[in-house]
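Hi there,

I'm passing a structure on to you, along with some notes on what turned up when I went through it. Have a look at it first, and then read on below.

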Amino acid sequence: MANFVQPPCDEAVIRSRRAEAPCAKSAGVWILAATILGSSMAFIDGTVVNVALPALQRSLNATVLDVQWVVEAYALPLAALLLVGGSLGDRYGRRRIFLIGVAIFSLASAWAGFAANISQLILARAAQGVGGALLVPGSLAIIGASFRGEDRGRAIGTWSGFTAITAAIGPVLGGWLIQKVSWRAVFFLNLPLAIVVLLISFSCVPESRDENENKRLDWLGAALTTIGLGSL
């Protein structure tokens, strides 16, 4: 599947913008913790499910084509909606859209864990992709709005490093969970992480938005962008 573990391509843009909600150094640690844990859920699920495919195929009597859609149903909406997710955060509040993404992702993870058949699992994976498309750009945007100057560069570097580590740990952790518990535990793993992210975000992450952005989203442009990226 596609490799999502890459340095943020818009890092230069993020670093060049002013901090709309600059944080104190004591709060910066918590902001980093929330954004890293939140985005790590999306990155982990980009790799951990590959290890679970043989087990869930046997459990749900799925075909090879079904198993392929378990992977692609997640990757397609995640890639197609990333730009829209970032734009929504700039207009309607970065923390708000980030938290909505975390909530959608965690609920979809529970749905995937309880899936009774392969069709339900594929739909749940698609919902995970939608949640991931909201929380991943939201996490970077929150960092850009909360840190200044060199602190912002260090924060982005820390975010990139930790998310890469969590994605690499995903297959190892997934294999252990499948062996010791069940393939369903691969999805339930996201629930405690989501709870921690929500608690930290509500208490420590300030809200921010781009006041220069038009409050009205270009829905036609968003639809065309989504279709274009999804088609690619």
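Here is what I found, starting with the overall picture and then moving to the details.

Please keep in mind that this is a predicted model. The protein has eleven helices and zero strands, so the pattern along the sequence is simply α-α-α-α-α-α-α-α-α-α-α. Of its 232 residues, 46% are buried. Among the contacts with a separation of 6 or more, 86% are between residues 24 or more positions apart.

Next, the aromatic rings. The structure holds four aromatic pairs, and I'll describe two of them here. One is formed by Phe43 and Trp159, which sit edge-to-face, with 5.9 Å from centre to centre and 75° between the planes. This pair links distant parts of the chain: Phe43 belongs to helix α2 (residues 25-45) and Trp159 to helix α8 (residues 149-180), 116 residues apart. Both Phe43 and Trp159 are buried.

Another pair is that of Phe114 and Phe188, also edge-to-face, at 4.9 Å centre to centre and with 65° between the planes. Because Phe114 lies in helix α6 (residues 94-114) and Phe188 in helix α9 (residues 185-188), the pair ties together parts that are 74 residues apart in sequence. Phe114 is exposed, its relative accessible area being 64%, whereas Phe188 counts as partly exposed at 25% relative accessibility.

Helix α4 (residues 64-80) may also interest you. Its 17 residues reach 24 Å from the first C-alpha to the last, close to the 24 Å expected at 1.5 Å a residue. Even so, α4 has a kink of about 30°, centred on Glu72. Where does α4 contribute buried residues? They are Val67, Val70, Val71, Ala73, Tyr74, Ala75, Pro77, Leu78 and Ala80.

Finally, a helix pair. Helix α3 (residues 48-60) packs with helix α7 (residues 118-146) at an angle of about 155°, and their axes are 11 Å apart. Angles over 145 degrees count as roughly antiparallel, and α3 and α7 are therefore roughly antiparallel to each other. On the α3 side, the contact is made by Val49, Leu56 and Leu60, and on the α7 side by Ile118, Leu121 and Arg125.

Happy to go through any of this with you.

Best wishes

Key:
Residues numbered from 1 in each chain as written. Predicted model: local features only at pLDDT ≥ 70, side-chain atom pairs only at ≥ 80, totals over all residues. Heavy atoms only, no water. Phe/Tyr/Trp six-rings, centres within 6.5 Å; stacked < 30°, edge-to-face > 60°. Helix = DSSP H or I, 4+ residues; strand = E, 2+ residues; numbered from the N terminus. Buried < 20%, exposed > 50% of the residue type's maximum accessible area, 1.4 Å probe, protein only. Expected span 1.5 Å × (residues − 1). Bend = angle between axes of the 7 residues up to and from the residue. Axes fitted to C-alpha atoms, helices over the stretch in contact; angles between N-to-C directions. Parallel < 35°, antiparallel > 145°, perpendicular 65-115°, else oblique. Contact = heavy atoms within 4.5 Å.
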